[in-house]
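Here's a quick briefing to read alongside the model. Keep the viewer open and click along as the residues come up.

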Amino acid sequence: MSILVVGSVALDTVETPFARVEETLGGAASYFVTAASLYSQVNLVATVGSDFPAEHLDFWRRRPVNLSGLKIEEGRTFRWAARYHMDMNTRDTLDTQLGVYAGFHPSIPDEYSSSKLLFLANIQPELQLEVLEQVPNARLTVLDTMELWIMTERPQLTEVIKRVDMLLMSEEEIRQYTNCASIVKGVRQLLDMGLHYVVVKQGSYGALLFCADGTFFSAPTYPLEEVIDPTGAGDAFAGGLLGYLSTIEPQQHSRYSIDEIKRGVVHGNIIGSFVCEDFSISRLRTLTMDDIAERYQCLVMFSHFDPHWRPGQIQTVGVKQF
Ligand code: AMP
């Protein structure tokens, strides 16, 4: 089942306390496409300038990525620069240059119309709305956003939230959007807007899934000894989630079961953890399904605990003699 993504393709300059890379492949859609194409075909809608290095397109051509919705315009590719703090979870944006995105309007090619899964990656909310108008029959629509749009385009963002099935937001973004100190209260406010699922991204601490039917799931994190660059972890998370869902046929009324959504969130965490192991999409270039399966089993082990304890069943395990 193919996946449609609309979002940014960029050249990023990223500084961490330990290293710096310049004009490397970035952009929300780039991370998503590279991650999700490990599972299924991905149809990309984006734009780049005439300065965009051909090697990146050649890489995607070797993957199940359809580039017929990628416009190459005369002008400069979107550029973004950021510096990470010592905790590697927080960062300052140093520069954003829209380049060819300034005049961009997404146009969905006819051959993409059978895509059943839609990911609205981080991009101006009004462009996300234009995409929703053109893809009315997706089985699952998933939205990502960022602080910039919460601050500058709240009404348009609200319109998009009301029209999608699932929202991905960091804890901080939920607080900013809902003005609730409590994440649980904030999520309830979001679910009341008509969402079926809200996924709270918690950086290196994993992710929380809240469903409109009341289900709650805490997806474990994979403890990385060294984080090289967390850029794009959220987009790669979405790539793992939708990538996994694209491999299964939903059972009931074309809706995914909660267990399927939960497994998708775990796949998201796994791919997100791999991305952090190198700059840009580098780690995803060599990633295999076996690597993913191995980390999946680790997460099962890390988060499993005995469900059989009851009060009054205290077992004596022996008293240490001194
Ligand atoms: P994440 O780390 O998941 O928030 O994603 C970071 C990616 O988003 C970077 O590769 C940037 O190129 C891209 N990005 C940053 N700012 C914007 C923006 N205003 N619109 C679209 N994409 C952006």
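What follows starts with the whole chain and then moves to a few local spots.

Bear in mind that this is a predicted model. The protein is built from eleven helices and 13 strands, and 55% of its 322 residues count as buried. Its radius of gyration is 20 Å, which agrees with the value near 20 Å that a compact globule of 322 residues would have.

**Overall build**
- Along the principal axes, the C-alpha trace spans about 80 × 45 × 40 Å.
- Take the contacts between residues at least 6 apart in sequence: 65% of them join residues at least 24 apart.

**Surface and charge**

**T13, in a strand**
- You'll find T13 in strand β2, which runs over residues 10-15.
- T13 counts as buried because its relative accessibility is 15%, and the cut-off for buried is under 20%.
- A polar atom of the T13 side chain lies 3.2 Å from the backbone nitrogen of E23.
- Setting aside residues up to four places away in sequence, T13 touches R20, V21, E22 and E23, along with W80, A81 and A82.

**T77, in a loop**
- T77 belongs to the loop between β5 (65-73) and β6.
- With a relative accessible area of 1%, T77 is buried.
- Which side chain makes a polar contact with that of T77? D51 does, at 2.7 Å.
- V48 is 29 residues from T77 along the chain, yet their C-alpha atoms are separated by 4.8 Å.
- Beyond the neighbours within four places in sequence, the contacts of T77 include V9, A10 and L11, as well as V48, G49, D51 and F52.
- Q97 and V100 are also among the contacts of T77.

**Two positive phi values**
- As background, most residues other than glycine have a negative phi.
- M88, which isn't a glycine, has a positive phi near 60 degrees.
- M88 sits in the loop between β6 (78-84) and β7 (91-97), and its 7% relative accessibility makes it buried.
- S280 is another non-glycine residue with a positive phi, this one near 50 degrees.
- Look for S280 in the loop between α9 (258-275) and α10 (282-286).
- Is S280 buried or exposed? S280 counts as buried, at 5% relative accessibility.

**Helix α3 and its cover**
- Helix α3 covers residues 125-134, and its buried residues are P125, L127, Q128, L129, V131 and L132.

Notes
Residues numbered from 1 in each chain as written. Predicted model: local features only at pLDDT ≥ 70, side-chain atom pairs only at ≥ 80, totals over all residues. Heavy atoms only, no water. Helix = DSSP H or I, 4+ residues; strand = E, 2+ residues; numbered from the N terminus. Rg over C-alpha atoms; globule rule 2.2 N^0.38 Å. Buried < 20%, exposed > 50% of the residue type's maximum accessible area, 1.4 Å probe, protein only. Contact = heavy atoms within 4.5 Å. Polar contact = N/O pair within 3.5 Å; in protein donor to acceptor, adjacent residues only side chain to side chain.
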